[in-house]
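Reader: I am new to this structure. Can we go through its pockets and its helix contacts, one question at a time?

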Amino acid sequence: MGKVSYKKLRGSQNLRQRLLLATLSATPIQIEDIRANDMLPGLLPHEVSLLRLLEKISDDCLVKINETGTKLKYKPGILMGGRHLVHDCGVSRAIGYFLEPLIVLGLFSKKPLSIRLKGITSDSKDPCVDTFRSTTLPLLKQFGVPSEGLELKIESRGSPPHGGGEVLLSVPIIQSLMAVTWIDEGMVKRIRGVTFSTRVSHQFEDTMIHAARGIFNRLLPDVRIFTDHRAGPQAGNSPGYGISLVAETTSGCFISADTAVSYARVDDGGMEDERQELMPPEDVGEQIASVLLQEIEQGGVVDTTHQGLLFLLCALCPQDVSKIRVGKLLPHGIEILRLIRDFLGVKFVIKPDPSTGTVILKCVGSGLKNLSRKSS
């Protein structure tokens with residue numbers, strides 16, 4: 001065994017994307033100064049949970065964390081995937097935080113992945129599980145991922161602070177992705193959505209739908225928002241409600257926006273005893289309808305939350321040109337482009353399109369192939 005040479009990184013920013021790219025490119029990484037000067041130094045509970053999840057789906061993966069949690073060594077193993085896996089995501093971040101890296105890694109595993117994730121199904125920080133189902137999974141299909149074996153089932157819902165939700169994710173394996181030319185965002189032809197509520201009256205959902213439709217129906221007739229009211233064991237451990245909306249365009253783009261309302265977690269500065277006022281459902285419906293309209297107005301083939309994932313998928317494509325259009329390049333998107341350059345050696349050509357206010361990006365993929373998959 002030769003000595004392992006680690007790629008040196010600093011700080012806590014973009015830890016999830018760094019781990020994902022390190023795993024895909026089989027690059028051992030060493031991260032120092034993780035929140036070294038903070039009141040609570042070191043890795044946060046959800047980051048440790050993500051590392052445990054990576055250990056679960058890979059073989060021979062090495063994770064070393066120092067006592068204070070401010071230094072991490074990570075040597076990726078072979079992605080195995082596997083059936084009937086279970087992972088408790090905890091309650092410091094929602095399941096959405098874990099889903100994005102998991103979906104990408106599942107595609108390049110040795111065996112198809114099916115995993116039960118437990119925790120919070122929707123909060124205001126991470127995309128809710130409905131958005132993954134309605135928007136993220138169709139995005140993968142653009143890159144040639146088969147729809148067979150790709151699904152996300154919501155078994156029970158869980159709101160912050162105490163969670164209690166469960167989802168079942170299945171991801172098929174692929175040989176490689178397919179390069180895309182995807183610059184036509186099309187016109188919005190219909191809006192779909194789902195409202196959800198746990199341990200509150202189902203009238204909250206009707207109010208959100210009424211408020212959102214009040215805005216959309218002035219613009220287009222085909223608006224359908226479904227309800228998913230959960231009670232009993234399927235409603236998790238905390239009261240909460242929210243809405244996930246997706247606009248489908250004539251060229252097959254899905255633009256989404258979602259939000260969830262619940263009592264704050266203790267670590268977010270919320271006190272156990274004080275019941276803070278929650279935003280009324282009417283305002284939630286109106287606000288998220290406006291957010292979706294802003295996403296549509298920006299242009300581009302994906303919404304802002306899916307920008308990083310879109311860039312990553314393009315970079316993982318065969319050594320062929322991919323060409324995509326996004327609305328506005330976000331700081332987070334730019335960070336992802338830098339990480340992709342550092343780990344995969346893929347550089348994007350970025351060209352603003354002044355006539356529409358959008359940005360067109362082109363790159364030649366890194367040609368990542370699933371080497372661990374059994375060849376048929």
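Reader: Which residues lie nearest the centre of the largest pocket?

Author: This is a predicted model. Its largest pocket has a volume of about 590 Å³. The lining counts 30 residues. Nearest the centre are Lys125, Asp126, Pro127, Thr304 and Thr305.

Reader: Which element gives the largest share of the lining of the largest pocket?

Author: Several elements give two or more residues to this lining, among them helix H3 (96–107), helix H4 (129–142), strand E15 (254–262) and helix H7 (307–316). H6 and H8 are also on that list. The largest share is four residues, and it comes from H1.

Reader: How many charged residues are in the lining of the largest pocket?

Author: Sort the lining by class. Nonpolar residues number 11, and polar residues number 11. The charged residues number eight.

Reader: Which strand supplies at least two residues of the lining of the second largest pocket?

Author: The second largest pocket has a volume of about 290 Å³. It is lined by 16 residues, and those closest to its centre are Thr23, Ala26, Gly77, Ile78 and Leu79. H1 supplies at least two lining residues, and so does a strand, E6 (78–79).

Reader: How many nonpolar residues does the lining of the second largest pocket have?

Author: Divide this lining by class too. Four residues are polar and four are charged. The nonpolar ones number eight.

Reader: Are H1 and H8 roughly parallel or roughly antiparallel?

Author: Helix H1 spans residues 15–24, and helix H8 spans residues 331–344. Their axes come within 10 Å and cross at roughly 30°. Angles under 35 degrees count as roughly parallel. H1 and H8 are therefore roughly parallel.

Reader: Which residues of H1 make the contact with H8?

Author: The crossing of the two helices H1 and H8 is right-handed. H8 brings His332, Ile336, Leu339, Ile340, Phe343 and Leu344 to the contact. H1 brings Gln17, Arg18, Leu21 and Ala22.

Reader: How many nonpolar residues are in the contact of H5 with H6?

Author: On the H5 side, the contact includes Phe204, Met208 and Ile215. On the H6 side, it includes Val284, Glu286 and Leu292. Three residues of the contact are polar and two are charged. The nonpolar residues number 11.

Terms used. Residues are numbered from 1 along each chain as its sequence is written. This is a predicted model: local features need pLDDT of at least 70, side-chain atom pairs count only at pLDDT 80 or more; totals for chains, interfaces and linings use all residues. Side-chain values use heavy atoms; hydrogens and water are left out. Contact means heavy atoms within 4.5 Å. Ala, Val, Leu, Ile, Met, Phe, Trp, Tyr, Cys and Pro count as nonpolar, Asp, Glu, Lys and Arg as charged, and the others, Gly among them, as polar. Axes are lines fitted to C-alpha atoms, for helices over the stretch in contact, and angles run from 0 to 180 degrees between N-to-C directions. Angles under 35 degrees count as roughly parallel, over 145 as roughly antiparallel, 65 to 115 as roughly perpendicular and the rest as oblique. A crossing is left-handed if the near helix is turned anticlockwise from the far one by less than a right angle, and right-handed if clockwise. On a 1 Å grid over the protein atoms alone, a cavity is a set of points where a 1.4 Å probe fits but cannot get out, and a pocket is an open set with protein on both sides within 12 Å along at least five of seven lines; lining residues have an atom within 4 Å of a point. Grid points are joined across faces, edges and corners, and a volume is the space filled by probe spheres set on the points.
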